[in-house]
Amino acid sequence: MREFDYQRAHDVAGAVALLGTDPDTRFLGGGTNLVDLMKSGVERPARLVDIRELPLDDVESTPEGGLRIGATVTNADLAAHPEVRRRYPALAQAVLAGASGQLRNMATVGGNLLQRTRCGYFTDVTRPCNKRLPGSGCPAVQGEHHNHAILGASDHCVAVHPSDMAVALTAFDAVVHFETADGPGRLPLADFYLPVGDTPHRETALPPGALITGVTLPPAPVAARSRYRKVRERASYAFAIGSLAAALDIRDGVVRDARLAFGAVASRPWRALAAERVLVGAAAGAEAYAAAADAELAAARPLPHNGYKVDLMRNLVVAVLSELAEEAAR
Amino acid sequence: MTAATTETAAHAPVVGTGHTRIEGRDKVTGAARYAAEVPFAGLAHGWLVLSTVARGRIRALDTDRVLAMPGVLAVLDHRNALRLTTDYTGLLGTRPDPTCAVFQHDRVPHLGWPVALVVAETSEQAREAAEALVVHYEQEPHDIELTAEHPGAYPVDGHMPAVTGKGDLEAGLAASAVVVDAEYTTPEEHHNPMEPHAATARWDGGRLEVIDSNQGVTWVVGELANLFSLDPAAVRVRSEHVGGGFGSKGVRAHQVAAVMAATLLQRPVRVVLTRRQMFSLAGYRSPTTQRVRLGAGPDGRLVALEHRSISLTSTVHEFVEPSAAVARVMYDADAHHTANRVVRLDVPTPTWMRAPGEAPGSFALEAALDELAEKCGIDPVELRLRNEPERGPVSGLPFAGRNLAACFREGARRFGWADRDRRPRQRRDGRWLLGTGTAAASFPSGAAPSTATATAHPDGTFTVRISAADIGTGARTALGLVAADALQVPPDRIRVRIGDSDFGPAMIAGGSMGTRSWSWAVKAAAGELRERLALGADIPPEGVTVRSDTTEAIGSLAPAERHSFGAQFAEVAVDPATGEVRVRRMLGIFAAGRIVNPLTARNQFRGGMIWGISMALHEEAVRDRASGGPVGADLAGYHVATHADVPHIEADWIDDTDPEDPVGIKGIGEIGIVGAAAAVANAVWHATGVRHRSLPIRPDRVLSAPGPAGAPDA
Amino acid sequence: MRKKQLMALSTSSVITLKINGEKHTLPVDHRTTLLDALRERLDLTGTKKGCDQGQCGACTVLLDGRRSVACLQLAVTAEGREITTIEGVADGERLHPVQQAFLELDGYQCGYCTPGQICAAIGVIEEHAAGWPSAVTEDVRPEAGPPDLTAEEIRERMSGNLCRCGAYVSIVEAVARAAQTRQDAATALPDAEEAVA
């Protein structure tokens with residue numbers, strides 16, 4: 001780890017000013033990802049601006065009936081918040097499925113959105129990686145990729161986004177709010193993460209110098225009956241190999257509304273809009289759920305060793321939607 | 001008080017009764033200091049630099065720039081390092097792995113080979129400087145891939161013969177009513193003790209002192225004295241608390257580099273391996289490819305047995321994972337053939353890891369037995385009972401106690417085995433398919449020469465000193481109980497001092513032999529001390545000390561098949577939609593000699609069984625073919641079982657006191673893992689109807705497997 | 001709060017850390033983690049370094065009463081927070097109920113993960129008492145009420161702490177016993193809650 005300057009910001013404007021346009025300065029939230037990456041040499045900032053003390057640690061109801069979540073709210077506080085648990089249970093479940101109790105106490109919502117991939121080539125600075133070192137190549141395509149992307153990847157990068165929280169936020173149309181020297185801005189989460197293409201090192205659409213200040217969730221009655229299911233290679237404290245955030249509203253045997261987002265299958269949380277289109281208006285049942293999954297997964301381009309993810313996601317969609325339907329019928 | 005004070009009348013034996021650990025309070029309060037935690041004035045920090053190519057030669061190291069960095073004191077590499085001696089045979093009868101003889105030449109035989117040590121005032125400075133050191137290599141093509149048909153495979157004896165054989169195998173198989181012929185694979189597995197390898201070296205009054213984390217101070221002293229051409233009496237190694245070892249904590253690059261730096265700088269130097277470095281420098285269990293062929297009559301009695309295993313080793317040192325040897329103990333057949341072969345590849349040297357040979361070998365053999373039971377239509381417990389040998393199948397020697405059948409009977413009773421439907425895929429609980437499986441376990445029982453002292457003090461207390469290592473086994477506490485019974489005093493009157501090479505030579509914590517070997521020496525010293533005190537002499541202020549040496553007694557044991565045995569039972573749940581496998585309960589019944597401290601022994605048996613769960617479902621180190629290095633070399637990439645993976649586990653034992661051991665001990669450190677992975681894998685078959693012959697049974701493998709539990713429409 | 005020595009780019013600071021109720025003022029390289037500050041600068045070696053990457057839990061301490069990993073917390077960012085390490089959880093000579101339960105039930109083997117397991121368990125018990133759900137809580141909605149602290153709940157909540165020796169079964173028993181002790185104390189004497197916390 002190289003030596004660096006450290007400053008604490010006390011308000012949003014001050015934080016933005018401290019960051020300026022210096023490409024070697026980073027905001028430091030909980031540090032659970034950035035400090036790790038600094039130790040491995042992936043990140044080598046010259047200056048850290050500590051934003052943990054910013055007054056962005058509240059979860060509040062919006063007048064429309066949604067929620068506004070501050071950027072420095074910890075994962076633990078987010079998952080414990082009664083309104084999150086009541087209105088968006090899948091979001092609470094997603095956060096609780098991530099990392100460990102210790103890390104959830106430290107990690108912040110803003111930092112979670114900006115997590116870097118856990119691809120073993122990205123985190124090893126002695127190996128090529130187009131995301132870390134543009135143009136150096138992607139060894140995962142020919143190498144170890146059993147937990148890499150099946151959707152939206154390119155020959156340049158097949159890494160997956162590691163966040164669980166962001167999968168649920170994506171399902172519920174979250175909007176990211178940020179502040180820059182030129183004033184505030186907002187980005188729907190759907191537009192927040194950039195397509196991989198041939199620029200895997202460019203991960204988000206955040207303008208340079210921007211500080212994430214929070215996330216808003218619009219009201220979503222369908223989310224009250226929602227669920228997050230995560231599959232991983234041990235029962236806890238592991239990144240997903242496939243996950244699903246799902247919400248389902250069935251009336252009179254017909255799907256009125258549905259939300260689906262996939263985790264660990266793409267460079268970003270993957271909103272399954274094609275699947276949702278198949279579901280809405282369809283007769284509820286395993287057949288419709290499978291058809292929805294197939295509609296989404298038709299675009300899958302698995303690598304030699306991750307084809308199982310297509311089956312996994314299909315099975316997850318059928319299983320979780322069936323459970324939600326059963327729950328509704330009770 | 002000066003008179004002899006052993007109490008002959010009132011002493012109730014304490015061996016066999018549960019006691020909390022002597023050092024327990026220190027461990028729960030954080031007061032117990034491990035190797036990297038003993039403070040020294042003027043301490044400098046060393047950081048190893050490892051090669052980033054898998055084969056080649058160091059062309060140049062840009063050390064000048066690094067030496068100019070803040071706090072940097074020295075850079076050691078092959079151009080300036082002390083010359084070492086590697087032409088010797090160590091305590092365990094093996095020659096040194098050249099990987100620990102650091103910086104002696106410019107060859108690079110694997111990725112992660114130590115090429116330099118950067119020493120600085122602080123650990124932050126050392127790390128940054130080590131990472132800034134640019135090393136230029138002349139790279140050569142490498143080969144890291146173990147295959148069953150590798151042309152370079154050759155038989156290696158290791159600590160046992162590579163090949164054994166009797167009878168006509170092909171004829172036996174041809175004459176068998178039922179034949180199983182299957183290939184099993186296990187992956188590269190890493191010990192990953194929670195405490196990383198760490199050593200602090202310093203010269204103190206003409207003696208080299210190393211505060212270290214290891215499994216045997218005698219062993220490490222011997223290796224360091226040989227490597228540095230020192231008189232062993234001029235070397236002292238201390239390891240009071242050791243944060244796990246499992247076979248990985250012998251002599252490694254970091255101790256040797258620390259000694260080199262301390263010698264050069266004449267100040268204390270500490271070198272700690274990072275978790276990532278441990279994946280290259282701490283040893284590991286070789287992957288194995290095993291073929292098992294079994295031929296049996298319709299009643300399941302074995303007619304022919306073949307177990308062949310291939311493992312890998314580095315190009316600089318020969319190490320064999322003797323997986324096929326487990327068959328030499330477990331089952332007999334008229335035609336009986338076993339072979340362990342090795343391939344030399346451009347990889348780090350593997351080493352002993354908890355139940356070397358038996359752990360992967362029992363997975364293959366006991367899974368094959370389960371397949372045989374299925375094919376014969378015989379209950380898997382009954383199949384094993386029918387194949388209990390009278391004598392060692394290969395040695396022909398008698399068994400010094402073989403209580404395997406009793407373990408199976410007790411285990412089957414407690415597990416509720418009798419109610420089991422033998423057909424697979426019969427039980428379901430919601431989204432989960434349920435199944436149960438069993439497997440047999442064995443591990444050699446042995447003792448090695450050790451010395452100990454027992455001292456009586458005038459105040460009525462005693463001190464026992466032995467160069468034992470407590471790597472979590474509870475050895476310190478067990479030895480206190482053994483001494484208490486030998487002296488016939490309450491254990492709280494005995495101080496147990498271990499982990500200091502100045503206490504004299506002793507066996508390592510390894511091979512399930514530590515507690516047995518040390519107890520023998522402690523009982524001998526304490527017993528003799530008691531006899532001497534019984535004569536009624538006064539105790540002088542410096543105390544009365546008796547020294548024991550068990551070399552002769554152990555040497556006079558008659559040859560026999562000496563082993564611990566066990567029966568493993570597991571129940572698993574498999575979600576066929578996601579491929580997740582969860583162990584729901586597990587039971588192990590062991591015949592493993594006299595249990596000194598039931599509280600800690602139960603914990604240790606369970607720990608071994610949890611290793612079996614971890615091996616069956618989680619552990620796999622992945623090596624990148626292109627670079628030759630590990631991918632995801634950390635505890636997020638290499639999964640070991642965590643709390644949520646581990647259900648309630650019962651471990652218990654039957655009476656199995658070893659008549660030839662003074663305390664009746666056999667050894668319990670390794671047998672818990674043996675057969676455990678097979679029991680889980682057999683239960684997965686019972687749940688799903690699909691055989692998984694490659695570990696670990698990851699969700700992707702369950703989903704990709706052909707057959708009823710997979711997804712045929714993939 | 002923080003006494004910065006230099007106004008321009010500086011790579012170290014003099015900070016004051018409040019650890020186990022005691023203030024320690026020391027200069028730190030900004031790169032120094034809280035873990036290394038404890039172990040290498042303040043001789044508080046009870047907090048263990050198992051992976052240095054947030055992947056094992058051995059370095060768990062309590063920050064403002066909440067369990068956190070000290071390896072990913074830069075020391076300079078810990079200024080102004082209440083830091084409790086394993087050395088500070090006992091009440092003088094009297095062990096914390098979690099420590100006592102680990103000792104009696106053999107909730108460890110080599111002992112290296114133990115301080116982290118104990119600090120994590122203290123956090124787990126408090127989080128559960130505060131009504132927090134976990135990943136295995138069937139219904140996370142507040143209307144469902146807080147889950148019982150079953151063995152399954154304990155296992156999930158403790159999963160951030162690896163124990164390679166495999167002492168999990170007795171660790172879970174120890175956490176359950178300590179949680180029960182806390183609950184009994186809270187029921188018997190509502191004011192005693194603070195003493196246990």
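**An antiparallel sheet and selected salt bridges**

In chain A, strand β10 (residues 240-251) and strand β11 (residues 254-263) are paired in the antiparallel sense, over nine bridges. The structure described here is a predicted model. Within this pairing, the bridge partner of Asp249(A) is Asp257(A), a residue of β11(A). Helix α12 (residues 308-329) of chain A packs on the sheet and touches β9, β10 and β11 of chain A. The direction of this helix makes about 35° with that of β10(A).

The two strands belong to an open sheet of four strands in chain A, with the order β9-β10-β11-β12 and antiparallel pairing. The edges of the sheet are formed by β9 (226-232) and β12 (270-271) of chain A. Each of these edge strands has a single partner strand, and therefore one side of each is left without a neighbour in the sheet.

A salt bridge connects the side chains of Glu323(A) and Arg227(A), with an N to O distance of 2.6 Å. Glu323(A) is located in helix α12 of chain A and Arg227(A) in strand β9 of chain A, so that the pair links distant parts of the chain, 96 residues apart. Both Glu323(A) and Arg227(A) are buried.

Over all chains, a search of the whole structure finds 99 salt bridges. One of them in chain A joins the side chains of Glu53(A) and Arg8(A), at 2.6 Å from N to O. Glu53(A) lies in the loop between β3 (47-50) and β4 (59-61) of chain A, whereas Arg8(A) lies in strand β1 (residues 5-8) of chain A; the pair therefore ties together parts that are 45 residues apart in sequence. Glu53(A) is partly exposed, with a relative accessible area of 37%. Arg8(A), in contrast, is buried, with a relative accessible area of 13%.

In chain B, a salt bridge is formed between Glu140(B) and Arg107(B), whose closest N and O atoms are 3.1 Å apart. This pair also links distant parts of its chain: Glu140(B) is found in the loop between β6 (135-139) and β7 (154-155) of chain B, and Arg107(B) in strand β4 (residues 107-108) of chain B, 33 residues apart. Glu140(B) is partly exposed, with a relative accessible area of 24%, and Arg107(B) is likewise partly exposed, with a value of 26%. Elsewhere among the salt bridges, shared partners join Arg202(B), Asp204(B), Arg207(B), Glu209(B), Arg236(B), Arg238(B), Asp500(B) and Asp502(B) into one network.

Key: Residues numbered from 1 in each chain as written. Chains lettered and ligands numbered in written order. Predicted model: local features only at pLDDT ≥ 70, side-chain atom pairs only at ≥ 80, totals over all residues. Heavy atoms only, no water. Pairing = 2+ DSSP bridges. Contact = heavy atoms within 4.5 Å. Axes fitted to C-alpha atoms, helices over the stretch in contact; angles between N-to-C directions. Salt bridge = Lys/Arg side-chain N within 4 Å of Asp/Glu carboxyl O. Buried < 20%, exposed > 50% of the residue type's maximum accessible area, 1.4 Å probe, protein only.
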